[in-house]
Amino acid sequence: MSGIIVHEWLSPAGGSENVFEVIARTFPDAERWCLWNDAGERFQPVNETVLARMPLRGNKAAALPFMPSVWRHLPARDADWVLTSSHLFAHHARFGGPARDVPKLVYAHTPARYIWVPELDGRGGSLPARAIAGALKPLDRRRAQEPTAIAANSRFIADRIADTWQRDAEVIYPPVSVDRFVREQHLTDAEQAQLDALPDDFVLGFSRFVPYKRLEAAIDTGRVADLPVVLAGSGPDEDRLREIAERTYPGRVTFVHHPSNALLIAILRRAALLVFAPIEDFGIIPVEAMAAGTPVLANAIGGAVESVIDGVTGAHVHEWRSDAELRSAVERATTASSQACVDRAAEFGVDVFERRIAEFVDRHTTGTA
């Protein structure tokens, strides 16, 4: 059976792009479509829409009002199914020709956050964004009725789909390259020196340095646990984080800028625990930490609660400002065994996703499991 796989826009790096890459590998004969491709050769061959030939290309905010119409006027194609990887409007996709009437399936990273849950996405807070959201919600919900079936990347997102699109969705967790976290890493001399300069035991926070990632929670956790803290990454929030570190935990916080993959894996392995405080749709970083054998303190709200098992591979935190709750969470998390963490992470491996997404397509296009 021939198929078509569709994604929003393609960037050089990103979590949804990683999912699209695995989907493309799972269905190597399927045509590939996106609004525009800024990822070079990574996903080739891939077809682009008319937006790729317009000045709006790459300007997501300016192009957003035109995306629903562009997705509805795709060219004629002959295919047996269409699978969309959607976090904005890709699930609106409609081709002409025979492909117009074939089963359409959706892998949903989330309904558009800045339309449906602007409180979780700063892009949705402006007056123009709220006005656009009011107009787009009915259209988005109506077009979400078209797919034969929807898969969500977590139970958290399946619940959001039920609330916003009023559709049921099964859960297929996204693929995580867990194998690379158990392989021995080869560090350069400079990287080894960076690693050797870190404490033997520490609390780790890793992500882009932006406010919604809430890396200050790692500083608070280290203070409560009387452990040094390492913050790895980079971003515009660094000055604020440094001020918090100096004010609340002076001399105990180390910043590691732009760690390579090899150095990050080595840092994850050495950490006593990872702190993951944001509300995320799923949360790849906690699974990566567990793959390295490191327990995780995860937000009790969001997708990370589905991968981190409280008292087994980490702990769930409801109130990050409570020293008592943080202290209890650290005690539960640090009793976790490295092997339990590794075993749990394996349940989210690429091979698991490939099998489940193939079964999903087969079940809803041929009626077989």
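Here are some exercises, with worked solutions, on a predicted model of a protein chain.

**Exercise 1. Describe how helix α8 packs against α9 and against α12.**

Solution. Two packed helices are described by the angle between their axes and the distance between the axes.

Step 1: take α9 (residues 238-248), whose axis comes within 10 Å of that of α8, with a crossing of roughly 15 degrees. Angles under 35 degrees count as roughly parallel, so α8 is roughly parallel to α9. The crossing of this pair is right-handed.

Step 2: list who touches whom. From α8 come Glu216, Ile219 and Arg223, and from α9 come Arg240, Leu241, Ile244, Ala245 and Thr248. Sorted by class, the contact of α8 with α9 holds four nonpolar, one polar and three charged residues.

Step 3: turn to α12 (residues 323-333). Here the axes come within 9 Å and cross at roughly 75 degrees. Since 65 to 115 degrees counts as roughly perpendicular, α8 is roughly perpendicular to α12.

Step 4: list the contact again. Asp220, Thr221, Arg223, Val224 and Ala225 of α8 meet Asp323, Leu326, Arg327 and Val330 of α12. The residues of the contact of α8 with α12 fall into four nonpolar, one polar and four charged.

**Exercise 2. Work out where Arg214 lies and which residues it touches.**

Solution. Step 1: Arg214 belongs to the loop between β10 (203-206) and α8 (216-225).

Step 1: its relative accessible area is 28%, so Arg214 is partly exposed.

Step 2: not counting residues up to four places away in sequence, Arg214 touches Ala277, Pro278, Asn299 and Trp320. For one of these, Ala277, the C-alpha to C-alpha distance from Arg214 is 5.9 Å, across 63 residues of sequence.

**Exercise 3. How many residues of helix α10 are buried, and what covers them?**

Solution. Step 1: count. Seven of the 10 residues of α10 (residues 261-270) are buried, so this helix is largely enclosed by the rest of the structure.

Step 1: name them. The buried residues are Ala262, Leu263, Leu264, Ile265, Ala266, Ile267 and Leu268.

Step 2: look for the cover, which includes α7 (189-196), β10, β12 (253-257) and α11 (284-291).

**Exercise 4. Describe the packing of helices α1 and α14.**

Solution. Step 1: α1 (residues 15-26) and α14 (residues 350-366) pack at an angle of about 60 degrees, and their axes are 10 Å apart. The two helices are therefore oblique to each other.

Step 1: the crossing of α1 and α14 is right-handed. Val19, Val22, Ile23, Arg25 and Thr26 of α1 make the contact with Val350, Phe353, Glu354, Ile357 and Ala358 of α14.

Step 2: the residues of the contact of α1 with α14 comprise seven nonpolar, one polar and two charged.

**Exercise 5. Examine the backbone at Pro45, Gln166 and His258.**

Solution. Keep this background in mind: most residues other than glycine have a negative phi, and most peptide bonds are trans.

Step 1: the peptide bond from Gln44 to Pro45 is cis, with omega near -5 degrees. Pro45 is in the loop between β2 (31-34) and β3 (47-48).

Step 2: Gln166 is not a glycine, but has a positive phi of about 60 degrees. Its place is the loop between α6 (155-164) and β9 (170-171). With a relative accessible area of 54%, Gln166 is exposed.

Step 3: His258, also not a glycine, has a positive phi of about 45 degrees. His258 lies in the loop between β12 and α10, and with a relative accessible area of 63% it is exposed.

Key: Residues numbered from 1 in each chain as written. Predicted model: local features only at pLDDT ≥ 70, side-chain atom pairs only at ≥ 80, totals over all residues. Heavy atoms only, no water. Axes fitted to C-alpha atoms, helices over the stretch in contact; angles between N-to-C directions. Helix = DSSP H or I, 4+ residues; strand = E, 2+ residues; numbered from the N terminus. Parallel < 35°, antiparallel > 145°, perpendicular 65-115°, else oblique. Left-handed = near helix turned anticlockwise from the far one by under 90°. Contact = heavy atoms within 4.5 Å. Nonpolar A, V, L, I, M, F, W, Y, C, P; charged D, E, K, R; others polar. Buried < 20%, exposed > 50% of the residue type's maximum accessible area, 1.4 Å probe, protein only.
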